[in-house]
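Have the model open while you read.

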Amino acid sequence: MLTVYDYIVIGFYFLFVMSLGFVFKHFNKGSKDYFAGGQRMCWWLLGGSLFISNFSCWTFTGASGIAYKYGILIMYIYFMDVAGYIIGYAFFATRLRQMRLITAIDGVRRRFGKANEQFFNWLSIIRAPLGGGVWLFGLAVILTSVFLGPETSDATKSSMLNWIIVLTGLTVLVMAMLGGNWAVAASDFIQLLLLMTITVVTAVLALVKVGGVTAFFNQLPAGSFKIFYPLGAIKYDWFFLISMVLGSILLRNNIMTAAKYIAARDSRHARLSTLIPMIGYAILPVIWFVPVWASHTIVPDMMQKYQGIVQNPEEMSYIVTAMHILPQGLLGLLVVGLFAATMSSMDSAFNKNAGFIVCNFYRDILRPEASDKELYLTGQIATALSGVCVIIVALILANIGKIS
């Protein structure tokens with residue numbers, strides 16, 4: 001269970017993230033600054049945002065469940081992200097920057113006309129709150145177990161679930177609404193540093209707990225180093241792994257998910273920004289999953305303890321191990337890291353979705369004569385609406401019964 005020191009760390013974090021909106025509000029002189037960072041961002045700030053906004057707390061839940069059951073197979077998935085960013089470095093990053101867009105949908109209009117622009121624009125606008133709601137709901141589910149423990153009544157868990165959703169959603173909403181793309185990028189970079197720090201500490205403490213590197217490898221279950229499974233043997237067989245090659249390349253380089261390059265200072269900075277996620281996905285996943293693999297020794301009864309309490313007990317492996325090894329205060333920092341992983345996805349979604357609503361519908365269809373100041377203010381309203389929709393979706397998911 002969390003101590004008062006952990007709650008102090010968590011409270012300070014929420015206030016800090018919210019304050020970024022007020023700090024970076026002064027960076028926004030118009031809609032271009034608000035939606036695209038004025039296209040003045042340097043490569044390290046953009047790269048940090050590019051890296052951390054591409055994953056959520058799923059890494060420490062769903063991905064940890066795969067690592068617990070199938071060992072290093074999970075590393076393959078993250079290494080394919082490296083392949084995607086290598087191609088981005090070689091080709092897509094510079095070209096996306098050279099298109100000189102404000103939003104990704106601007107590129108659709110230029111290539112395929114206004115009809116296609118509106119089709120893909122509304123497809124993205126509708127889809128964004130659903131994705132953001134799932135991220136927020138998933139975060140709330142896992143943190144409810146951290147705050148309350150497995151023996152808590154369902155009524156108390158439900159109340160905590162709703163409070164986490166509302167407070168987290170409002171924190172991200174205020175930051176993104178006031179600070180725009182500048183606050184989003186700065187928040188992402190700070191949260192990346194925070195996440196790296198606490199996950200490295202957790203991995204080191206896990207290794208110490210099991211008795212060192214040699215003992216760590218000796219306690220791994222048989223089959224932990226197997227990657228390729230026969231077709232149909234498991235969900236992640238060799239055919240799935242082949243599809244991941246194409247999937248990761250497309251996911252990291254299509255115009256929607258690679259739209260962050262728009263904010264780069266120039267083509268060189270856009271290309272260099274890919275180095276941070278490229279190196280990050282090559283190194284950090286090894287660190288992230290050390291506590292999961294060490295859980296076989298640290299928490300040998302975890303599967304039995306959480307059977308019937310959560311749908312997939314193996315997905316609790318990272319959290320439960322951390323609760324056993326982290327001292328007071330550091331567990332709160334880990335909780336903050338989980339918030340950071342999900343918030344970094346949500347704040348980008350809020351800002352990007354607002355850009356679609358304002359630049360590709362309000363400006364192009366409703367108010368072609370709108371001034372830049374009007375677009376900027378409308379962007380803040382659209383960000384607020386996007387955030388409210390995400391919170392509502394997450395609350396609906398939290399109250400319709402058990403789902404995966």
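## The second largest pocket

How much space lies in the second largest pocket? About 290 Å³. Keep in mind that this is a predicted model.

The lining is made up of 14 residues, and if you want to find the centre, look for Phe92, Leu96, Met99, Asn253 and Ile255, which lie nearest to it. Sorted by class, the lining has nine nonpolar residues, along with three polar and two charged ones.

## Salt bridges

Now for the charges. Side chains of opposite charge can pair when their charged atoms come close. Searching the whole structure turns up 10 salt bridges.

Take Arg109 and Glu117, whose side chains meet in a salt bridge at 3.0 Å, N to O. Is Glu117 buried or exposed? Glu117 counts as buried because its relative accessible area is 0%, under the 20% cut-off. Arg109, at 23%, is partly exposed.

## Around Arg367

Arg367 forms a salt bridge with Glu369, with the closest N and O atoms 2.9 Å apart. Glu369 has 54% relative accessibility, so it counts as exposed, while Arg367 is partly exposed at 30%. Arg367 also forms a salt bridge with Glu374, and here the closest N and O atoms are 2.8 Å apart.

Elsewhere, shared partners link salt bridges into one network that joins Asp106, Arg109, Glu117, Arg363 and Asp364.

Methods
Residues are numbered from 1 along each chain as its sequence is written. This is a predicted model: local features need pLDDT of at least 70, side-chain atom pairs count only at pLDDT 80 or more; totals for chains, interfaces and linings use all residues. Side-chain values use heavy atoms; hydrogens and water are left out. On a 1 Å grid over the protein atoms alone, a cavity is a set of points where a 1.4 Å probe fits but cannot get out, and a pocket is an open set with protein on both sides within 12 Å along at least five of seven lines; lining residues have an atom within 4 Å of a point. Grid points are joined across faces, edges and corners, and a volume is the space filled by probe spheres set on the points. Ala, Val, Leu, Ile, Met, Phe, Trp, Tyr, Cys and Pro count as nonpolar, Asp, Glu, Lys and Arg as charged, and the others, Gly among them, as polar. A salt bridge is a side-chain nitrogen of Lys or Arg within 4 Å of a carboxyl oxygen of Asp or Glu. Buried means under 20% relative accessible area, exposed over 50%, partly exposed in between (1.4 Å probe, protein chains only).
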